[in-house]
Amino acid sequence: MSEAVHTLEGWFALHDFRTIDWVAWGAATEAERQEAIEELMAFMNDWTDMEEAKQGSSTAFTVVGHKADIAFMHLRPTLEDIEEVENEFNKTAFASYTVRDYSYVSVVELSSYMSQEADPMQDPAIRARLYPALPKTKHVCFYPMNKKREGNDNWYMLSMEERRGMMRSHGMIGRSYAGRVTQIITGSVGFDDWEWGVTLFSDDPITFKKLVYEMRFDEVSARFGEFGSFIIGNRLTNERLPEYLSM
């Protein structure tokens with residue numbers, strides 16, 4: 001039996017993707033729409049205080065393409081906290097004009113393929129990665145992924161040394177994009193249909209394309225990677241919200 005890698009877990013994560021029922025939204029009165037927008041803005045305003053208190057982080061973005069219209073990403077200390085923020089949105093007036101297309105439940109994860117310290121949780125850099133404030137970049141990209149378990153291409157039957165060597169090479173590509181892309185890896189084994197969720201943040205969407213394309217040539221992705229649907233969008237701020245929802 002191959003050795004399982006040790007992982008460190010941080011905040012729980014929810015990606016919540018919604019389609020807006022534009023017909024129903026347009027049929028609402030101006031007063032009903034305004035009240036719903038103000039309530040939604042209040043819901044989003046609460047995120048600032050929560051982030052300053054280091055009790056989680058949230059962001060909203062509009063989705064480009066047919067897969068959804070808007071999306072929320074939430075990080076919280078417990079799964080109960082995730083459920084609470086999910087239900088808080090569901091109880092807003094605006095939520096009644098939406099249909100959930102997709103959601104993804106996971107937890108921020110760091111693996112120990114690299115050498116481990118005696119107590120990594122004492123390292124401020126590691127804690128910052130496990131309990132991050134979501135970046136305020138212009139663009140967001142999300143996709144789920146697995147490692148293959150097929151014949152000779154079975155990631156889980158490789159030795160720790162083989163996996164560590166490939167992950168080191170894989171990580172070097174990601175580090176070459178430091179300052180241009182922020183990547184948050186969330187583990188979802190036992191939580192959702194895929195094994196990991198990857199969320200990328202950048203002010204330049206072309207950087208997503210270049211990073212993912214370059215990684216496809218690395219053995220970890222080329223031989224062992226399986227990918228779900230990619231979802232890309234633009235950050236939705238309170239300032240942008242009224243214009244986006246105007247009729």
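R223 is partly exposed, with a relative accessible area of 28%; in this report buried means under 20% relative accessible area, exposed over 50%, and partly exposed in between (1.4 Å probe, protein chains only). This is a predicted model, in which local features need pLDDT of at least 70 and side-chain atom pairs count only at pLDDT 80 or more, while totals for chains, interfaces and linings use all residues. Residues are numbered from 1 along each chain as its sequence is written, and side-chain values use heavy atoms, with hydrogens and water left out.

## Salt bridges

The side chain of R223 meets that of E219 in a salt bridge, at 3.1 Å from N to O. A salt bridge is defined here as a side-chain nitrogen of Lys or Arg within 4 Å of a carboxyl oxygen of Asp or Glu. E219 is partly exposed, at 36% relative accessible area. Because R223 and E219 are four residues apart in helix α7 (residues 219-224), about one helical turn separates them. Helices (H or I, at least four residues) and strands (E, at least two) are DSSP runs, numbered from the N terminus. Elsewhere, salt bridges that share partners join D16, R18, E86 and R100 into one network. By the stated rule, the count comes to eight salt bridges. Side chains of opposite charge can pair when their charged atoms come close.

Helix α2 (30-52) holds a further pair, R33 and E30, whose side chains meet in a salt bridge. These two residues lie three positions apart in helix α2, so they are separated by about one helical turn. R33 is buried, with 10% relative accessibility, whereas E30 is exposed at 52%.

K136 forms a salt bridge with E51. This pair links distant parts of the chain: K136 is in the loop between α4 (124-130) and β5 (139-147), E51 is in helix α2, and the two are 85 residues apart. K136 is partly exposed at 43% relative accessible area, and E51 is also partly exposed, at 23%.

| Salt bridge | N to O distance |
|---|---|
| R33 and E30 | 2.9 Å |
| K136 and E51 | 2.9 Å |
| R223 and E219 | 3.1 Å |

## The negative surface patch

D46, D49, E52, E80, E83, E84 and E88 form a negative surface patch. Patches are made of residues with over 30% relative accessible area and no salt bridge, like charges being joined within 9 Å and nonpolar side chains (Val, Leu, Ile, Met, Phe, Trp, Tyr) within 5 Å. Asp and Glu count as negative, Lys and Arg as positive, and His and the chain ends are not counted. The place of a charge is taken as NZ of Lys, CZ of Arg, CG of Asp or CD of Glu.

Helices α2 (30-52) and α3 (79-90) each supply at least two residues of the patch. The largest share, four residues, comes from α3. E80 lies in helix α3 and counts as exposed, with 55% relative accessibility.

K54 lies in the loop between α2 and β2 (57-63). Although K54 is not a glycine, it has a positive phi of about 55 degrees. Most residues other than glycine have a negative phi. K54 counts as exposed, at 63% relative accessibility.

T137 is found in the loop between α4 and β5 and is buried, with a relative accessible area of 14%. A polar atom of the T137 side chain lies 3.3 Å from the backbone nitrogen of S202.

H15, in strand β1 (residues 7-20), is buried at 1% relative accessibility. The side chain of H15 makes a polar contact with the side chain of T199 at 2.8 Å. A polar contact is a pair of N or O atoms within 3.5 Å; within protein, one must be able to donate a hydrogen and the other to accept it, and residues adjacent in sequence count only if both atoms are side-chain atoms.

F208 belongs to helix α6 (residues 205-216) and is buried, with 3% relative accessibility. The C-alpha atoms of F208 and V181 are separated by 7.6 Å, the two residues being 27 apart along the chain.

G233 has its place in strand β11 (residues 231-235) and counts as buried at 1% relative accessibility. From C-alpha to C-alpha, G233 and P144 are 16 Å apart in space, and they are 89 residues apart in sequence.

Conventions
Areas by Shrake-Rupley, 256 points an atom, 1.4 Å probe, with all protein chains shown as cover.
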